[in-house]
Amino acid sequence: MDHHPVAAAMAVAVARRDPQRLSAALTGTVRLRALLPGGPVEVSGREDVTARFRSWFADFDTVEVLESAGEAVADRLLIHYRLALTQRETGWVCTQTAVCKLVDGRLAVIDLLCSGFREISHDHRTDHIRPPSRARRVG
């Protein structure tokens, strides 16, 4: 996968927990289906999808994009990003990968798989995690 502007914009919007950016990336009738460690989620509509993304990361002190990439797959866009998260002295990493349908440059369908929040020890903090050479750091 390579750098893709829609993938990068989505990763930054998620990390910043920015409702305006998230909303701007979605159609009014967007459908999100997500497979999370806690079970499946299905949400429809711009406001509800935006709120769901924000809720996943709301309790963290920081959310940083470590890498993002995207790739066209026939009529779909594959989006992948990896985030570093902190809350007080604890750190986590999380990846989300989605197969999306675009309509007029906005996400209309998001089928997402999430790794969950994987706690990292002090010797595995994100300053030691380097994105692969082809990935671009965003944010």
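**Note on the predicted model**

1. Of the 139 residues of the chain, 43% count as buried, where buried means under 20% relative accessible area, exposed means over 50%, and partly exposed lies in between (1.4 Å probe, protein chains only). This is a predicted model, in which local features need pLDDT of at least 70 and side-chain atom pairs count only at pLDDT 80 or more, while totals for chains, interfaces and linings use all residues. Residues are numbered from 1 along each chain as its sequence is written, and side-chain values use heavy atoms, with hydrogens and water left out.

2. The chain contains three helices and seven strands. Helices (H or I, at least four residues) and strands (E, at least two) are DSSP runs, numbered from the N terminus. Along the sequence, these elements follow the pattern α-α-β-β-α-β-β-β-β-β.

3. The accessible surface of the chain comes to about 7,600 Å², as computed by the Shrake-Rupley method with a 1.4 Å probe; for residues, only the protein chains shown count as cover. Carbon and sulfur atoms account for 49% of that surface. A contact means heavy atoms within 4.5 Å. Among contacts between residues at least 6 apart in sequence, 57% join residues at least 24 apart.

4. Glutamine 96 lies in strand β5 (residues 90–103) and is buried, with a relative accessible area of 1%. Its side chain makes a polar contact with the side chain of tyrosine 81 (2.6 Å). A polar contact is a pair of N or O atoms within 3.5 Å; within protein, one must be able to donate a hydrogen and the other to accept it, and residues adjacent in sequence count only if both atoms are side-chain atoms. Leaving aside residues up to four places away in sequence, glutamine 96 touches several residues, including Phe53, Trp56, Ile79, His80 and Leu112.

5. Histidine 80, one of the residues that glutamine 96 touches, belongs to strand β4 (residues 76–87). Histidine 80 is also buried, at 18% relative accessible area. The side chain of histidine 80 makes a polar contact of 2.7 Å with the side chain of threonine 97.

6. The structure holds zero disulfides, a disulfide being a pair of cysteine sulfur atoms within 2.5 Å. For cysteine 94, the nearest cysteine sulfur is that of cysteine 114, 3.6 Å away. Cysteine 94 is buried, with a relative accessible area of 1%, and cysteine 100 is buried with a value of 1%.

7. The count of salt bridges comes to four; a salt bridge is a side-chain nitrogen of Lys or Arg within 4 Å of a carboxyl oxygen of Asp or Glu. Arg31, Arg33 and Asp111 are linked in a network. Aspartate 111 pairs with arginine 31, the closest N and O atoms being 3.4 Å apart. Aspartate 111 lies in strand β6 (residues 106–114) and arginine 31 in strand β1 (residues 26–36), so this pair ties together parts that are 80 residues apart in sequence. Aspartate 111 also forms a salt bridge with arginine 33, at 2.8 Å between the closest N and O atoms; that pair is 78 residues apart.

8. Arginine 17 sits in the loop between α1 (5–16) and α2 (19–24) and counts as buried at 19% relative accessibility. Arginine 88 lies in the loop between β4 and β5 and is exposed, with a relative accessible area of 66%.
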